[in-house]
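Please read it with the structure open.

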Amino acid sequence: MTRRARVLAAASLSAMVATFAVAAPPAPARAPARAAAPTTIATVGDQRIDGDELDHSFTEALDLYRARNGVALDPQVEPVLRRQVLENLIRQRLLALEAKRRDITVSDEDAEAELKRDPVFRVGGAYSESRFLTLKTTHPDSYARSMAAIKINLASRRAGQEMDREVHGDDAPLRARVEREMTKTTIEYLALRGNEMDGSYVEPRESEILAWHRAHGDRFRLPEQAVVSILPIRTPAIADSAGATDAGVRAWDQAMRARADSVRAAIRAGARFDDVATRFGGAKRGLVLSREGTGDLWRGTPGDLAAALAAAPGTVLAGPVHLSSGWGIVRVEATLPARIAPLEQISKAIRDTLRAAARSRIDDRDLTEIYASMRDSLKTDAWRLRFAFADTSSFTPPAATEQDIEAFYRAHLADYSTFDRATSQVIETPLAQVRESVRERWTSERRMEMARAAADRVVEAWSKGRRDAALEKSMSEVRDAGIVPIGTPPTDGALGGAMAAELAKHPNQTGVTLLPAPGGFVVLYVVDLVHGYAPTFEQARERLMPRLQEHQAEALVRAARVLYDRDSLAFSTPTTVHFMRMIFEPVPVMDVPLNRGEVNRYYRAHMPEYTVEELVHIRHILISPSGPSAAADAAARQKAEEILRRVRAGEDFPQLAAQYSDDPATRDDGGDVGMFRHGVMRDAFERAAFAMRPHDIAGPVKTDVGYHILECLEYLPPVIHPLREVYANVAHDCALAKAKRVAAERADSVLSAIRTVAQAKEAAERLHLTLLPTDHAVGTLNQYGAELRDYMRTMEQLKPGQLHPRTQLYEGLGTAISWVDGITPSRLRPWTLAIPYVVQRYRIARARATLLAKKAELDSMSRAGWSFDSLGTLWGGLERLPGAEAGGELRAMSGRAILDSLAFGGDRPPVLETGHVSDWIEFPGGFARVRVSRRVAPDPDALAKRLELRRQIALWHRLNDYFDKLKDRYPVRILDGELRSTALPEPTVTS
């Protein structure tokens, strides 16, 4: 819903409630001139509402809207508001009639006291007794009519007060629910997931994880690293004309180097790195350099990298460093020595390694048994092979000279040229811009040539039956593969695949072959063919795998059979209801008759759907407190106020954001948050943002993360598209809704006319309706959406031959009348039919047993002194769910209601206290221990705002129910056709 629509809904609610609570007394009757009888708009029981009264009340409502919102109501919305005003007048009349029924009386004294409050009896702001007595004595008929009207009005008001007591419920549950919705938490948890432990192998114990880390930690050694901030010097950017020539590129690069030298000199003279970085648009922070990789930005020399790795934290490198574009000033923030990765970083990899080893041990045991039983049947033909591999990366050509680079560039100029369609000219990319690319390609081709030459020499030697140790040493790998069964790769990976493909082309050919392979060249020598060869266990492994899978599947079924024999009744078929659906399909949209009035009314009732939302474009500077203390908060606010003063004094907002903002996601972009709609940002931030207009500055605005300084860059107000602009869309939507409604009305009409299934089938044949047979297993209601559950619950209770008492809409299908054709009772499944169900149940039970065993092991470690955090280390660190709200979920664990109860309170209190660790909680996906490490209460203003809106919505529904009962007692007729067809707006405010 747009902001304007929300304001209208809220204003209508407020006006409605106020009108019912306190109905204004009519003005004292005067002796007006005779006029034509007013037009009756509606009747309520024996009372009527005329057009003049409606016009007067509608004008007051427009004035109220304008006063509250500062703008006039959009004319397109006026018919909806007019209908709401009429509803308020109808409800006033209903209260008056109800007051009369309840015999609520008003004394003459109370009525006269109310009449005296009318402004007409005031002179100079004070009540005038003489003016009142003049009316009373000189116009007795008018006085009597006024007193009678006031008595009715006061009685209505008292009836309204009684209504208030009936419809106003206890706000405490509503407040608790809203607080729960708006509270945010940070949740840390240790999860044992069933999908990670299926029980088909023995889970590694935690002591094995620790032992493996001690014994094999070197496999996860991290290199020496430096964490740096880099200030790029690359402005002004190179001009297009300069970038088109080698000389221009070199000149620009030299200018950037000179500028970088001057910046470094300024820092050496005492300027702060951060201050200088702000003037150049900010530094790139947190880049990690090592000898194994430096990232895309860094183009420094080995000496530059060595200097960074050896520098003390806070050191600015002595000279500028070449970057991918321009030069950079580098400050070392931290250096880390070569080290074994901490357990937390690699425990998952260790666990996966041990799990794979456990699975492999089981597979090898079973494969060994299968191999022994099948060995003779595995005999096949084979090759006796030798091969050598020349890996291009192991050959190092001499460094390319400038003449080499120039010649290669000219020979491949087409690769470095583009065609400009605008000028029909070929544009060459200057060598200076692609020099590194050319050098890499030249080197790659030289490596390829050297590898091919070495492989050719080996081919020549082997073809002549010679073995040259020196020659073979130049190759990356030389291996006598021995006897290899036909169809089996001689080695692993892509290299083995390439040789297997070549051998498959010539299965009976011996001799030496040279073939290209991934990363180089292979010399393959088929020495001879061997017939009737019995492959080794490793060679037969792949051929045995299908049999292994069959073996393991058979073992699983045998284990499941034990479960079935123990309790076969547990695997009985569910009771199944066989029912028929008679479908009333909506007519095609293009065949739905519509008139303009229907489209107008649909548009008014669904106007928010054709409205462009209000948007705002903001940038901000966030100052976060350094800790939870009041002193830290006060310091953050003081810093924010100082920065706000500087912004208002004219300092550059993006530079200040780059220098001071604690929001890493927007800091390097000058604090730019982007364009956003309502409901995206934190409440306080959003309220401030949508109150701003371009160039406005606001702040400090406090949220749960700190203090924000805001600048509005752009504001787009909500736009209600006129009907003429969206008429086709509205007409289509209206026709679709009408088609569904007509189909539903036809279904309701037929259902009310039939009493038996025979009559239903006769109606289906007469009306040419589709009949769809459907089966439903009793007890599986959760598979349906909420809109179908009650319908299917009733279906489970019907007997064969009974009609369902109501119709049901099936989206995309139509409205259905249903009846039960028959019921198949539960019956025992024979073993052959029960196998898939029993195997699934067995898998679940096996996984659960594994989870329980691991849970018991971790509990034993806790009793031995292991903390929650240290146990988390063994599992790669505790998992986190930051900024969690009600309705959140642990990864792959499901169970939202369970988590809500723990974190926010719900159906199963008490709430887990902040900092406390829960016991093991069973979720649908496994077990978890949970800690709420932080809980952020909602902003009081935002809470009050949402609570008030929710309170009004709840009151709206209760009032509707109350007045619907009164309308049953006192018939209401709206005589104006336009007002009668205008739907009342229902509040949908959710923020």
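How many positive and negative side chains does the protein chain have, and how far apart do the centres of the two sets lie?

1. Charge. The protein chain carries 134 positive and 133 negative side chains. The centres of the two sets lie 2 Å apart. Bear in mind throughout that this is a predicted model.

2. Overall dimensions. The radius of gyration of the protein chain is 41 Å, whereas a compact globule of 991 residues would have one near 30 Å. Along the principal axes, the C-alpha atoms fill a box of roughly 140 × 90 × 75 Å.

3. Make-up and surface. The protein chain contains 31 helices and 31 strands. Of its 991 residues, 41% are buried. Its accessible surface is about 52200 Å², and carbon and sulfur atoms account for 52% of that. Take the contacts with a separation of 6 or more: 74% of them are between residues 24 or more positions apart.

4. Strand β12. This strand covers residues 380–391 and runs antiparallel to β17, residues 520–533, with 11 bridges joining the two. In that pairing, D391 stands opposite G520. β12 also pairs with β15, residues 477–485, again in the antiparallel sense, over eight bridges. There, R386 faces D480 as its opposite residue.

5. Strand β18. Is this strand mostly covered or mostly open? Mostly covered: eight of the nine residues in β18 (576–584) are buried. β18 pairs with two strands that are worth checking on screen. With β25 (770–777) the pairing is antiparallel and has eight bridges; V577 stands opposite H776. With β27 (814–824) the pairing is also antiparallel and has nine bridges; F584 stands opposite T815.

6. T43. This residue sits in strand β1, residues 40–44. Why does T43 count as buried? Its relative accessible area is 19%, and the cut-off for buried is under 20%, so T43 qualifies. Which residues does T43 contact, leaving aside neighbours within four places in sequence? They are R48, P971, V972, R973 and L975.

7. S918. Here the location is a loop, between α29 (896–903) and β29 (921–923). Not counting residues up to four places away in sequence, S918 touches L912, A928, R929 and V930.

8. Cis peptide bonds. One joins T235 and P236, with omega about 5°. P236 lies in the loop between β7 (225–233) and α9 (240–243). Another joins G699 and P700, with omega about -10°. P700 belongs to strand β22, residues 697–703.

9. Positive phi at H695. Phi is about 80° here, although H695 is not a glycine. The residue is in the loop between α23 (683–690) and β22. Is H695 buried or exposed? H695 is exposed, because its relative accessible area is 69% and the cut-off for exposed is over 50%.

10. Positive phi at S894. This residue is not a glycine either, and its phi is about 55°. S894 lies in the loop between β28 (879–884) and α29. With a relative accessible area of 34%, S894 is partly exposed.

Conventions. Residues numbered from 1 in each chain as written. Predicted model: local features only at pLDDT ≥ 70, side-chain atom pairs only at ≥ 80, totals over all residues. Heavy atoms only, no water. Pairing = 2+ DSSP bridges. Helix = DSSP H or I, 4+ residues; strand = E, 2+ residues; numbered from the N terminus. Rg over C-alpha atoms; globule rule 2.2 N^0.38 Å. Buried < 20%, exposed > 50% of the residue type's maximum accessible area, 1.4 Å probe, protein only. Contact = heavy atoms within 4.5 Å. Areas by Shrake-Rupley, 256 points an atom, 1.4 Å probe, with all protein chains shown as cover. Lys, Arg positive; Asp, Glu negative; His and termini not counted. Charge placed at Lys NZ, Arg CZ, Asp CG, Glu CD.
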